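Please keep the sequence and the structure at hand while reading.

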Amino acid sequence: MSEKTLIRNARAIVTCDEQDRILYGADLLINGNQIEAVGRNLCADGAHVIDAAGKYVYPGFVNTHHHFFQAFVRNLMTIDRPGLTLMQWLDEIYKVFICIDDNVIFYSSAACMADLIKHGCTCSVDHQYCYTTHTGKRAIDRQMEVAQMMGFRFLAARGTNTLPRWQGSTIPDEMCETTAEYLQDCERLLALYHDPAPFSMQQIVLAPCQPINCTEDTFLETIRLARSSNLRMHTHLCEGENSSMVRRFGVRSLEWCRRIGFLGSDIWLAHGRETLPQEYDLLARNGMGISHCPAPTMLGGSEILDIPGMQKAGIPLGLGVDGCATNDGSNMLDTLRLAYLMQTFLSKQRGSCPTPYEMLKMATAGGADMIGRPELGRLAAGKAADLFLVDVQRLEYAGALHDPASILPKLGITGNVWLTMINGRVVYQNDRLAGVDEEKLLQEGEQVCTRVLRNRCSAFAPYCSNQ
Ligand SMILES: [Zn+2]
């Protein structure tokens, strides 16, 4: 590709690069899918010009944890986490999960990706672990269709649950697979979709759901396949399961991981909020990162991640919205602010707190590094042209426009961004997703939700007369 785009005269460009540069009244030149230059008065004859006067430019967010398939269990007060115990909540929500089919996955993925893109996210991981007779094995194939349609950079983490309930897991039998089934599908997906090259738009990650819902063999086979194929790995860890792990194996989750060899910089974990300070060193030494998802912590009333302690220990950190069962939205701007405010809540007790800019870097460069994509998450020559612009030429921002590095988490700019670019292509502008018939998808998605879930699942019963 040689097509050039010049983002001209931005009010500020927050690069999140190695030098933490912020440029004022500056330009950003894009050549194909990469950034060629960032600076003042850049020349580019014949380039397509985007007038960025009055706009702030940021590197696109990298969302490091999600479950798109959960989007059609949003906004249900019948499964509202604060009013239920964990087991009650799981029982109710699994009744919906086991009805989900591959059409639900297609449209819920479309809803999530639209939400992500419109709020500045340019790359997302999705941890898909819902495999039933209704979904079949084509869930990730359907998600790839959506990602390609929207021009979204997508890492599909192929999850699984292999330990049946009678052996102590919380998973209904309908959602259990065998390790062999899982591996066979991983190999299929790997051959079909995985592009390991830098700037890749689609990758496969191996991601057993969590140790308490999988056999040890599933994890061992995951490590074998991932390391022989050079894939990243992901799972849920230290999110409230440690007491069950101690009961079952006599050790905490992380020690269990160490014993089976599930350690390394090619692995990142979702949540990690239960990690003990004495366990930080093991994570740091192995370069094993944590995806911090603030919304489920709030909804579950759980421990607030010790970000200052983890930063000090050198644990890689990224930000995630998490699945819609524990965060009804997929808005990274909202997640960024929530994460910052949660840390401030304990700043007196802990004696320190990450700055808003540190949280922004966690949501961009930090997340990118953690998932093995150092070409993402910063605006510098040679990096991917993944970015978003915010229009700050608006009355509501009067008096706040002196610190573009802090404004997103500090002020709470959570409305739609002005423009999102992924891989050098404008995918969202003027409140429209490029090349996507949003009305049609919305209508079809609503029809699928009604046919497959609302008409069948008791959780929707009180709402039946509202449609
Ligand atoms: Zn999760």
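K4 is found in strand β1 (residues 4–14), where strands (E, at least two residues) and helices (H or I, at least four) are DSSP runs numbered from the N terminus. This is a predicted model, in which local features need pLDDT of at least 70 and side-chain atom pairs count only at pLDDT 80 or more, while totals for chains, interfaces and linings use all residues. Residues are numbered from 1 along each chain as its sequence is written.

With 17 C-beta neighbours inside 10 Å, K4 counts as partly exposed; a residue is buried if 20 or more other C-beta atoms lie within 10 Å of its own, exposed if 12 or fewer, and partly exposed in between, with C-beta atoms placed from the backbone. Leaving aside neighbours within four places in sequence, K4 is in contact with L29, I30, N31, A44, G46 and A47, a contact being a pair of residues whose C-beta atoms, placed from the backbone, lie within 7 Å. K4 and K440 are 436 residues apart in sequence, and their C-alpha atoms are 32 Å apart in space.

The domain assignment gives domain 1 (4–59 + 378–431) and domain 2 (61–370), with bounds that come from an automatic or database assignment. Their centres, taken over C-alpha atoms, are separated by 29 Å, and the contact takes 24 residues from domain 1 and 25 residues from domain 2. On the side of domain 1 that touches domain 2, the elements that give two or more residues are listed below.

| Element | Residues |
|---|---|
| β5 | 55–59 |
| α14 | 407–412 |
| β15 | 419–422 |
| β16 | 425–429 |

Among these, α14 gives the most to that side, with 4 residues.

The largest nonpolar core has 142 residues, of which L28, V57, M113, I117, V205 and L336 touch the most other members; such a core is a set of buried Ala, Val, Leu, Ile, Met, Phe, Trp, Tyr and Cys residues joined through C-beta atoms within 7 Å. Helix α2 (residues 102–118) supplies the largest share of this core, 11 residues. Domain 1 and domain 2 both give residues to this core, so it lies between them. Not counting residues up to four places away in sequence, M113 touches V146, A147, M150 and F152.

In strand β9 (residues 202–208), 6 of the 7 residues are buried, so β9 is largely enclosed by the rest of the structure. Strand β8 (residues 153–160) runs parallel to β9 and is joined to it by 7 bridges, and L155 stands opposite Q203 in β9.

Terms used. Contact = placed C-beta atoms within 7 Å. Pairing = 2+ DSSP bridges.
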